[in-house]
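Open the model in your viewer and follow the stops below, selecting residues as you go.

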Amino acid sequence: MNVIKTAFHPDVSPDDLSPESELKLIERHAARGIVVRGETILLLYTERYHDYSLPGGGIDDGEDEIACLIRELEEETGAQGVRNIKAFARYDEYRPWYKSDADVIYMISHCYVCEIDEELGATAFESHEVSNGMKPVWINIYEAIAHNEEVIANSDKKGLSIERETFLLREIAETLVERQLIESK
């Protein structure tokens, strides 16, 4: 899968990853789903951070990327009939980790385009997702990008993932949405 960006949080530098560094690094892989219909995309809105993000999450031990993608789409959006799964891109990032097992997390996001059935079923959010006010929404991709950009510029409650999510949404708009519009003419 093509890496489209490697990002460093402002509190993490490449020197923090050197063999001389005393900081402990952990690696986490995630699968993220891209479901687009014209200019509309299926995203998660998180009330706590007031942002839009791709559905997806961490790959469990023994689970492959595709199985994780399907599980996360089903749990977070109620998606059914996940099919026609195609690799889109990978986004790598280094950011601070706030748990006692490490200082820095290397998050590797494997992003896939797919189709789902028209109707969404019930979600199965984890307790922290419920308390954060997550909900699946169909939204115009350009509205989601503009909203996230406004949050980045003006909110003090933004989450760590909004930069990644907004970058990915711009890439999706440029490479998938605009290509679909050109091909349909």
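Is Tyr 91 buried or exposed? Select Tyr 91: with a relative accessibility of 3%, Tyr 91 counts as buried, where buried means under 20% relative accessible area, exposed over 50% and partly exposed in between (1.4 Å probe, protein chains only).

Before moving on, note that this is a predicted model, in which local features need pLDDT of at least 70, side-chain atom pairs count only at pLDDT 80 or more, and totals for chains, interfaces and linings use all residues. Residues are numbered from 1 along each chain as its sequence is written, and side-chain values use heavy atoms, with hydrogens and water left out.

A search of the whole structure gives four aromatic pairs. Rings of Phe, Tyr and Trp (its six-membered ring) pair if their centres lie within 6.5 Å; planes under 30 degrees apart are stacked, over 60 edge-to-face, and the rest tilted.

Select Phe 8 and Tyr 94 next. Their ring centres are 4.9 Å apart and their planes lie at 15 degrees, so this pair is stacked. Phe 8 belongs to strand 1 (residues 3-8) and Tyr 94 to strand 7 (residues 83-96), so the pair ties together parts 86 residues apart in sequence. Helices (H or I, at least four residues) and strands (E, at least two) are DSSP runs, numbered from the N terminus. Phe 8 is partly exposed at 36% relative accessible area, whereas Tyr 94 is buried at 13%.

Tyr 91 sits in strand 7 and Phe 167 in helix 4 (residues 162-183), 76 residues apart. Phe 167 is buried, at 16%.

Finally, select Phe 8, Tyr 94 and Tyr 106 together: they form one aromatic cluster.
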